Amino acid sequence: MLPETKVYEMDLDGRTLKVELGGVARQATSAAMIRYNDTAVLTAMQASKEQSNLPFFPLMVNYTEKLYAAGKIPGGFFKREGKPSELETLVSRMIDRPLRPLFPEGFRHEIQIINTVMSGNYDYSPPMAAMLGSSLTLALSHLPFEGPVAGVVVGRVDGEFILNPTEDDFEHSDIDLTVAGTEEAINMVEAAAKQVPEDDMAEAMMFAHEWIKKLCRFQKDIVAELGKEKMDYTPEPLDEDAVNLVDDSFKERLLKAVKTFDRETRSDIVSAVKEKTEETLETAFESLDEKERQQKVRDAQRHIDGIVADEVRRLIVEEGKRPDGRELNELRELYSEIDVFERTHGSAMFTRGQTQAVSITTLGALREHQIIDGIADTENKRFMLHYNFPPYSVGETGRYGPPKRREIGHGALGEKALLQVIPDEEDFPYTIRIVSEILESNGSTSQASICAGCMSLMAAGVPIEAPVAGIAMGLVLEGDTHRVLTDIQGLEDHIGDMDFKVAGTKDGITALQMDIKVKGLSKDILKKALKQAHGARMKVLDNMLDAIPEPREEVSKYAPKVKIMVIDPEKIRDVIGPGGKMINDIIDRNDDVSIDIEQDGRVTIMHTEMEPINKAMKEIEDIVRVAKVGEVYRGKVVRIEKFGAFIELWRGTDGLCHISKLAHERVGRVEDVVKLGDEVDVKVIGIDDRGRIDLSLKATLPKPKPGEGQSSGKPERGSQDKDKRPPRDKNRPPRNRGQRPPNKNNDKKQ
């Protein structure tokens with residue numbers, strides 16, 4: 001490393017966390033190399049010098065895993081990293097969420113943070129190293145960042161919480177929890193869990209926060225030594241003319257619109273006020289240039305939105321009334337339906353107020369799993385949930401195409417929630433895909449997708465462990481007063497201080513996600529939100545179970561049927577055959593049945609009908625079947641020779657029944673006992689070292705009683721009736737068996 005590089009270390013529960021500053025990416029606004037044992041992440045942060053004119057805070061966080069970090073070469077034709085993977089997108093969002101609330105309102109400088117995994121070992125979490133680097137580079141810079149923040153991962157094995165678990169730990173953990181926050185409070189949570197009770201999850205979060213405090217203090221010590229002086233930033237005040245116009249002419253109308261507790265009425269009035277304000281400002285200040293007039297219009301619209309937001313928050317805090325008139329813990333009207341479509345394998349629709357999702361489950365062969373090209377050990381997954389959010393769902397036109405970051409994130413949350421109850425591959429050997437189409441949106445579409453997705457799984461005949469429902473909770477915090485809201489809608493999400501999504505079964509949580517817009521959340525508020533969410537989740541579950549109380553016992557008639565068999569791995573090549581000839585013949589003979597063979601000898605056979613499956617399974621059983629000495633089999637005579645008959649025990653396996661083993665009595669001709677095509681019971685009496693099988697038909701026949709049985713063909717020696725033999729000449733000398741008879745041709749040869 002360069003001589004000017006400064007290195008800082010801390011012990012993180014027995015592992016070394018190291019920060020290197022000053023020696024890399026020196027032209028960036030700020031940069032750091034984070035080393036967590038053998039994981040290394042380069043974080044480079046760049047900020048624009050001038051404030052942008054964008055109407056939002058242009059913060060962009062990127063997390064990139066280079067495959068060389070794990071000693072891998074990318075797949076595909078081009079052999080280089082392409083667009084961000086789903087994991088990279090999710091980690092980028094996860095880092096962004098705790099950072100964004102810690103910038104002042106109205107700050108518009110463009111900031112780009114690029115985290116590059118240079119050496120990756122998921123036993124030493126690259127995402128958490130990237131989060132630390134992102135926070136530290138911001139904290140060291142001149143930007144008005146109110147951090148630092150840090151993140152950790154928590155698992156639980158045998159009741160004990162584990163910090164940043166290894167991949168092996170996760171195999172036995174019932175919690176996969178990522179928590180981020182400041183030294184004062186938690187401000188982001190992402191979790192998957194195996195039906196873990198709410199109190200246990202809250203304790204896991206508190207365990208995480210203790211380590212977050214240590215990581216934040218570690219950063220503060222570095223910033224105290226190397227940090228730059230923060231820039232002065234004061235949000236520009238709204239244009240006075242615009243504010244006065246709105247207050248004098250429209251404020252009372254806006255306040256009444258909020259109190260109508262009707263979304264459409266409020267939306268129409270707000271839109272009309274904005275339109276009228278724009279017309280008035282354009283006319284009153286037509287002498288100004290276009291840029292100045294437009295700034296007044298934008299400030300007027302911001303003030304209008306602020307009036308609405310302030311009144312909504314006031315009604316919630318002071319009167320306990322929400323924008324649609326509901327009580328704080330009241331759910332919107334619920335409606336659940338299954339079998340929405342006929343040809344799909346499973347479908348369901350879930351409607352909650354003005355939020356509606358339809359989910360479709362498709363079952364496929366195991367080979368249709370998703371292949372993952374990343375630095376982690378996981379290479380594929382057989383369960384997927386994809387979420388689509390078309391613009392018509394909110395009554396708008398807009399970009400329609402590949403999924404955005406938000407859609408990927410919502411789909412991943414739903415996938416986490418339902419994955420916990422998906423049966424093992426051995427119990428249900430299918431690849432499972434759910435697609436959630438959002439038809440209408442007014443808050444918490446991700447949780448509606450979970451509810452609809454769960455019902456579609458049950459309708460498809462997937463034997464899930466337990467039904468899962470989801471609910472979104474909100475928070476309005478004013479001073480020391482707070483209000484927790486159940487089933488938040490779009491406006492409450494927008495103006496509120498928390499979006500807390502909780503999914504689970506009746507027994508516990510399977511997934512949760514929390515974003516805090518304020519600086520943090522106390523333990524008491526967290527526990528209250530979890531408890532309130534549990535009660536709401538039970539009501540949602542009841543509604544879902546009215547539509548479908550349990551998974552169907554059979555899959556749809558349009559879904560593929562499946563059977564699994566296990567063969568000796570050494571027999572795999574026999575089943576496949578030279579160049580795949582054998583397995584292709586089996587597929588062709590059985591109506592293009594699908595056959596997947598794993599290296600461990602597991603064979604999965606799939607088809608829409610059971611008959612081709614059973615036939616294909618029988619053929620494979622015959623190929624891998626091994627004859628055993630002493631066993632009796634029913635076979636078919638397929639070839640006859642003078643010395644015996646070849647009998648096919650099953651396809652591809654036959655043995656020889658020697659003529660001497662055809663019957664108890666002497667057999668002159670094989671055809672006297674068996675003929676081509678005959679089916680007979682034979683016993684295996686031997687297998688030589690070349691695998692040739694010796695059979696005996698005689699061994700399966702009852703032994704004849706003394707004096708019974710007739711000869712076949714030539715009589716056996718000594719079998720003639722002694723009374724019919726001619727009498728022996730007593731004067732004839734006995735034959736000398738030790739001498740050869742004289743050769744009559746000897747004299748001629750001599």
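This is a predicted model: local features need pLDDT of at least 70, side-chain atom pairs count only at pLDDT 80 or more; totals for chains, interfaces and linings use all residues.
The term stands for a side-chain nitrogen of Lys or Arg within 4 Å of a carboxyl oxygen of Asp or Glu. Side chains of opposite charge can pair when their charged atoms come close.

Before we look at individual pairs, a word on the ground rules. Residues are numbered from 1 along each chain as its sequence is written, and side-chain values use heavy atoms, with hydrogens and water left out. Local features need pLDDT of at least 70 and side-chain atom pairs count only at pLDDT 80 or more, while totals for chains, interfaces and linings use all residues.

Let's begin with Glu 203 and Lys 523, whose side chains meet in a salt bridge at 3.7 Å, N to O. This pair links distant parts of the chain: Glu 203 sits in helix α4 (residues 198–226) and Lys 523 in helix α12 (residues 523–547), 320 residues apart. Helices here are DSSP runs of H or I with at least four residues, strands are E runs of at least two, and both are numbered from the N terminus. Glu 203 is partly exposed, with a relative accessible area of 34%, and Lys 523 is partly exposed at 34%. On this scale, buried means under 20% relative accessible area, exposed means over 50%, and partly exposed lies in between (1.4 Å probe, protein chains only).

Strands are bridged as well. Arg 634 pairs with Asp 681, with the closest N and O atoms 3.1 Å apart. Here Arg 634 belongs to strand β25 (residues 632–641) and Asp 681 to strand β28 (residues 679–687), 47 residues apart.

A local pair comes next: Glu 290 forms a salt bridge with Arg 293, the closest N and O atoms being 2.4 Å apart. Because the two are three residues apart in helix α8 (residues 290–319), about one helical turn separates Glu 290 and Arg 293. Glu 290 is partly exposed at 43% relative accessibility, whereas Arg 293 is buried at 13%.

Salt bridges also join into a network, which links Arg 322, Asp 324, Arg 326, Arg 332, Arg 352, Asp 487 and Glu 492.

Most residues other than glycine have a negative phi, and most peptide bonds are trans. Asn 37 also has a positive phi, of about 55°, and is found in the loop between β3 (30–36) and β4 (39–51). As for the peptide bonds, a cis one joins Gly 147 and Pro 148, with omega about 10°. Pro 148 is in the loop between α2 (126–140) and β7.

Strand β7 (residues 150–157) holds Arg 156, which is buried at 12% relative accessibility. The side chain of Arg 156 makes a polar contact with the side chain of Asp 174 at 2.7 Å. Such a contact is a pair of N or O atoms within 3.5 Å; within protein, one must be able to donate a hydrogen and the other to accept it, and residues adjacent in sequence count only if both atoms are side-chain atoms.
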